[in-house]
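Notebook open, viewer open. I'm jotting down what I look up as I go.

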Amino acid sequence: MNSLLLSNTARFIILILIQVVVLNNINFLGYINPYLYVLFVLLLPLNLSQYKVLFFSFLIGLSIDFFEDSGGVNAAATLVIAYLRPVILKFSFGVSYEHQTIKYYQTPITQRLSYISILVLVHHFILFSLEIFNYSYIILILKRTLFSSIFTILLILLVTALFQKKSK
Amino acid sequence: MRQIINFLIKYKNTLLFLCLLCLSLFFTIQSHTYHKSKFISSANFLTGGIYSWVNNIDEYFNLRKYNNRLVDENKWLRSRLTELSSKKIDTTFTDSTSYENPYHFTTARVIKNQYIKRDNYILINKGSKDGLATDHGVITSRGIVGIVEETSKNYARIISILNTNLSVSVQLQKSDHFGSLTWNGNDPNVAQLEEVPRLAPVVKGDTIITNGRSLIFPKGIPVGVIKDFKLDVNQSYYTIDVQLFNDMTNIGYVYVIQNNDQTELKELESIDE
């Protein structure tokens, strides 16, 4: 349990630093940035009680907000995906999730991809809606959601693939 | 009573979710209101410290560019100096107390700059310790950058002109027609000038400067040139696209302007109301 706490704390700090120091300055094609810190919510232990998941997700979102001067935008978005996480887990991994027998890295790639994609898309949509805060810009919101999501999903797959090798 | 407790236990996750969601939405709405977003700010010792640490490294890659800017500015200032000293010196006596410069300048370094969002903020490495306070203007040698919104001891957060909540009073250099400079959130190098009356002689390539009305910027700070213009739907005001002199994506060093007469002038204005 202690090593789990340690690895999650380390992940929390490292993901925030990578996000604010590197990823927020990419500005690919002018406005596309990946939001890798979502990975923290995705990788929280599956048997962790839900209120802890909610609280830690809120905390990482709020930390990003402090760095980005963005009010509560990131906090709200991560909180919503943390709340939806059990539903999406059940949807993506099916019965094996309910028996809590799955290990994240041992699941089939298609199931993992659907889990990542749904949560990232929801997160980014809420993030950009709240950030722009004006529904006459709905096209802009959708455009940013789509492009940033693709970037984030690719990056998450890449990072998880890298860490998978190490843990074996 | 037992039922209430059971209810709370059963829905504790949802209740926690709703509480935290309300809190984050409260912060979000605050951040979309000018001068209200006090709590969530990167101008604190932790985030400011991390940004200034990263910026220390990043700065080396831009040294050549900053040097060139400084040389250009020095050249301009030198030409102004010789221009002024070649003119006949005014020999009328001026009392030194009334001769004092009402503006005080402080230099600072930009340690975080945003320009891809619709509401952008800039963080600089000077704060209340160096005499900075809310509503001080921020410029570079090329043009305006923004207004100090919040200060901590060592850092200050600037609301950038690339922020949809901000509007600055500016005017045409040729005539005294004024309007307000806003940003529509699209191009970080083009801002919008609105409410310029139809009578104003608007020509492409004309210079836009600040007009000193807001008491934040002195009159005559360059802003940009007119890139494009059109009349609004009522045919009574121009909406002008202004190409900014500043490259807002790479600012480097800034000057913070403190107007020593600001409080005095504001008091006089408030008497009027």
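Before listing who meets whom, I note that contact here means heavy atoms within 4.5 Å. I also keep in mind that this is a predicted model.

**Entry 1: a helix pair across the two chains**

I went to the contact between α3(A) and α2(B) and asked which residues of α3(A) meet α2(B). From α3(A) I get Gln50(A), Tyr51(A), Leu54(A), Phe55(A), Phe58(A) and Leu62(A). On the α2(B) side they meet Lys12(B), Asn13(B), Leu16(B), Phe17(B), Leu20(B), Leu23(B), Ser24(B) and Phe27(B). Sorting the residues of this contact gave me ten nonpolar, three polar and one charged.

Next I looked up the geometry.

**Entry 2: chain B overall**

The chain has five helices and twelve strands. Its C-alpha atoms fill a box of roughly 90 × 50 × 45 Å along the principal axes. I find 42% of its 273 residues counted as buried. For contacts in chain B with a separation of 6 or more, residues 24 or more positions apart account for 63%.

**Entry 3: the barrel in chain B**

What is the strand order of the closed barrel in chain B? I traced six strands as β1-β2-β5-β4-β3-β12, with antiparallel pairing. From one strand to the next, the twist averages 45°.

Strand β4(B) takes in residues 144-151 and strand β5(B) residues 156-163. The two run antiparallel, and five bridges join them. I looked for the bridge partner of Ile147(B) and found Ile159(B), in β5(B).

**Entry 4: Ser129(A)**

Last stop, back in chain A. Ser129(A) lies in helix α6, residues 109-132. Is Ser129(A) buried or exposed? Its relative accessibility is 5%, and the cut-off for buried is under 20%, so I logged Ser129(A) as buried.

One of its polar atoms lies 2.5 Å from the backbone oxygen of Phe125(A). Leaving out residues up to four places away in sequence, I see Ser129(A) touching Asn134(A), Tyr135(A) and Ile141(A).

How values were computed
Residues are numbered from 1 along each chain as its sequence is written. Chains are lettered from A and ligands numbered from 1 in the order in which they are written. This is a predicted model: local features need pLDDT of at least 70, side-chain atom pairs count only at pLDDT 80 or more; totals for chains, interfaces and linings use all residues. Side-chain values use heavy atoms; hydrogens and water are left out. Helices (H or I, at least four residues) and strands (E, at least two) are DSSP runs, numbered from the N terminus. Ala, Val, Leu, Ile, Met, Phe, Trp, Tyr, Cys and Pro count as nonpolar, Asp, Glu, Lys and Arg as charged, and the others, Gly among them, as polar. Two strands pair if DSSP finds at least two bridges between them. Axes are lines fitted to C-alpha atoms, for helices over the stretch in contact, and angles run from 0 to 180 degrees between N-to-C directions. Buried means under 20% relative accessible area, exposed over 50%, partly exposed in between (1.4 Å probe, protein chains only). A polar contact is a pair of N or O atoms within 3.5 Å; within protein, one must be able to donate a hydrogen and the other to accept it, and residues adjacent in sequence count only if both atoms are side-chain atoms.
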